[in-house]
Amino acid sequence: IKMYLGSSFIQEALRYRAIKLFLFYSMFCVCSLISIRVKTSVSDGSVRPSDLLAMFKQTGPKTRTHITSAEFLDNTVELIREMVYTHSMDKPDLTELLSAKDMETILQVTGCSSETLRHVCKSDCVSKRYRTITGHCNNRENPQWGAANTPYARWLSPEYEDPRGAPRGWNPQHTYHNHTLPPVRSVSQEVLYTHNENISLDMSLSHLLVEWGQWIDHDLTLTPQSPSTAAFKTGADCTRTCSRDTPCFPIQIPLSDPRTGTQSCMPFFRSAPSCTVSLGHREQLNAITAFVDANMVYGSSDGLAATLRNLSSPLGLLAVNQFHSDQGLGFMPFLTRTHLTKACAFILLKHLYTASNAAQPIRIKDRNSPFYKFTVFMHVSDLLNLVWKILTWDHYLPRVLGRSANLALMPPYKGYDTAADPSISNIFSTAAFRFAHVTVHPVVNRLGPDYRLSPEHPALPLHHSLFASWRVVQEGGIDPVLRGLLLSPAKLQTADQMMVEELTERLFQAQGGLPLDLAALNLQRGRDHGLQGYSAWRELCGLFAPANESDLAGILGNVVLARKLLHLYGTAKNIDVWVGAISEPALPGGRVGPLLACLIAKQFKALRDGDRFWWQNEGVFSSVQRDALRTTSLSRIICDNTHIRLVPFDPFAHTLHPDDLLPCTRIGYMNLSAWRETDTDTQFIKTMFFGGLF
Ligand code: HEM
């Protein structure tokens, strides 16, 4: 017989949690309002690296509403667990304690039921023809699949430190498979650390390929932090004791670390939880659509999409910056006040914005122009997201996976598969697609029109280029940077040169404050999301799990590295999956080993097969249009949207010498005549979208 807790018990928990949450958020507002540190930091040029990271993960109002509900739910569930907890009851299972009706009440009061509500999909001709900006209803039977503000998919269940979802390693003494987890910073120092000088180069790949990966990533994943973290940043976040009620999970600095003395830990804030109906384990959410739909250009919400468009014309073009241009070519506009949150927890951003004068263009000399967004690709119109896909699947992926792995893992397209869930998986965003962090070169070269280093704009160490969009405006526009990317090779990933110290020792340092460490962040993020260890992921991919040092040395092709990892982790089962995966030697012709190839291909295959609007799907384009699309090239895009007149035939391949470049006149155009519309089509669009106004 089931003994449920009963409604009054649940009501009590909800009431108590609501009050606590209210006080919690009010406290943030007060803390933030009295904080003059952030305000002044804008003008004196010292924004803390952790503030920049939070800005990096900045999200819109829809995401914030979702997170607030999810945190309320998370807190309530925890309170119920605490209230019924006894020592004999190790893992109170809520489904045993709550009736279906009580669960529904909890979901409703917290707001999670409306967040997880099934979307009703329209069936008019517009929805048959065009994707929604939020990604909903791409799959009509499962409208949430791939939509913005939905939880990441889990390909393997998470393993947290406790039923509530405490991150792995929360208690450093906690053992997994009879071993404790090493501090992430020790792994970063002992396995990943690489001097900036004398790094090996990948002489067959341009650095543009690496940047393309990051660009695509911004189309696929954005994991928000809890809004409440803004308030923690206003205090001495690193030294404060983080309790289970606070979303911080600082990265400890081991005694052997050169940072000891200046820093006792690095700030780290947990990813926000997401609303889940099952009240099971903690999940994280993707704030943007999963689909490769160029949402980093067009937005993932109707509100943002509208502000990014030039609504004064019927052409559906993007809005351009009214104050600055790249020698006649448009930059994206500055963010307006409406993009910024009114929520107290995001007051940090508000301070930054107010300080840089909302009504006026941000003074670009200010070197702190985080709200200034630009991209060379913005000149390109709606065809762009198709071009995106072709460049990614046909040009980028074969180089990352290697030709034969690409053929094996990405078989030819067979049509839209309604059973394929295109949602981004947690492992992909938290570990697999971060593989490219180890291919980032520590220097940003800027080249003049003749593709030679220009004395006017010398090469920059990477940390001087991050969050320095003002440089593009003041130091010659996008062209010198793009030429640099075209002619510079990528960094080669090797077992003894993993991640450059620009990223492990100087991340976001240029703005002041103690720098972050990207390797440590990746590892800690994996633990924050409860990702299982290396061996479990190998097994998921049908690869054998190493049982001892010689197995691991065999897989990694390197005894020293295997020994180092086992010295730190004790067992291959515990190796954080990101570091285990990047330690595997690359497959022939590719840049990743077997585990990463499996995980990356699985994700991209799901994105292709589970997208109703995939360009090869019957009925999306005519065969003439498909043939035209295949002739697209990144070189042509560069020629059409910059002042660059000499380009490589294949911009993802490394070009050794400027003499090997081709004039733009020799780069073919995509034939757009296949898109010429009939009068009926034009009339249809005018009526549907503009009510016949134009
Ligand atoms: C200069 C180069 C880069 C820098 C400075 C950089 C920095 C960062 C930082 C700070 C994070 C957040 C870390 C955390 O707190 O969890 C991150 C996340 C991530 N990065 Fe990079 N990254 C770079 C290049 C790349 C490239 C080339 C790729 C892929 C090809 C990539 C893929 C990702 C992914 C998938 C995430 C997770 C995003 C999310 O879910 O929100 N990054 N990166």
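The following legends describe close-up views of a predicted model.

**View 1. Overall fold of the protein in the predicted model.**
The protein has 694 residues, of which 46% count as buried. Its secondary structure comprises 30 helices and 16 strands. Among contacts in the protein with a separation of 6 or more, 75% are between residues 24 or more positions apart.

**View 2. The shell of residues around the ligand.**
The ligand is surrounded by 19 residues. G213, Q214, T221, T223 and A436 are the closest of these. At least two residues of the shell come from helix 10 (207–220), and at least two from helix 22 (518–528). Helix 10 gives the largest share, 4 residues. Sorted by class, the shell holds 10 nonpolar residues, 6 polar residues and 3 charged residues.

**View 3. H437, a position with a UniProt annotation.**
The unreviewed UniProt entry carries the annotation "binding site" at H437. H437 sits in the loop that runs between helix 17 (426–430) and strand 11 (443–444). There are 23 other C-beta atoms within 10 Å of H437, so this residue is buried. Not counting residues up to four places away in sequence, H437 touches M499, L503, L518 and N522.

N445 has 20 C-beta neighbours inside 10 Å and counts as buried, because the cut-off is 20 or more. When residues up to four places away in sequence are not counted, N445 touches L453, A459, G484 and S488. R483 is 38 residues from N445 along the chain, and the C-alpha atoms of the two are separated by 8.3 Å.

**View 4. A272 and its contacts from other parts of the chain.**
A272 belongs to the loop between strand 7 (265–266) and strand 8 (285–286). With 26 other C-beta atoms within 10 Å, A272 is buried. Neighbours within four places in sequence left aside, the contacts of A272 are I67, A70, P224, Q225, S226, Q284 and L285. A272 and H66 are 206 residues apart along the chain, with a distance of 9.6 Å between their C-alpha atoms.

**View 5. Helix 27, residues 594–609.**
Helix 27 has 16 residues, and at 1.5 Å a residue these should span 22 Å. Of the 16 residues, 13 are buried, so helix 27 is largely enclosed by the rest of the structure.

**View 6. C137, a residue with positive phi.**
C137 is not a glycine, yet its phi is positive, at about 65 degrees. This residue is placed in the loop between helix 8 (125–129) and strand 1 (150–151). C137 has 22 other C-beta atoms within 10 Å and is therefore buried.

**View 7. H177, a residue with positive phi.**
The phi of H177 is near 50 degrees, a positive value in a residue other than glycine. H177 is in the loop between strand 2 (175–176) and strand 3 (179–180). H177 has 12 other C-beta atoms within 10 Å and is exposed, because that class takes in residues with 12 or fewer.

Key:
Residues numbered from 1 in each chain as written. Predicted model: local features only at pLDDT ≥ 70, side-chain atom pairs only at ≥ 80, totals over all residues. Expected span 1.5 Å × (residues − 1). Near = placed C-beta within 6 Å. Nonpolar A, V, L, I, M, F, W, Y, C, P; charged D, E, K, R; others polar. UniProt positions renumbered as here; feature names shortened; annotations may be inferred. Contact = placed C-beta atoms within 7 Å.
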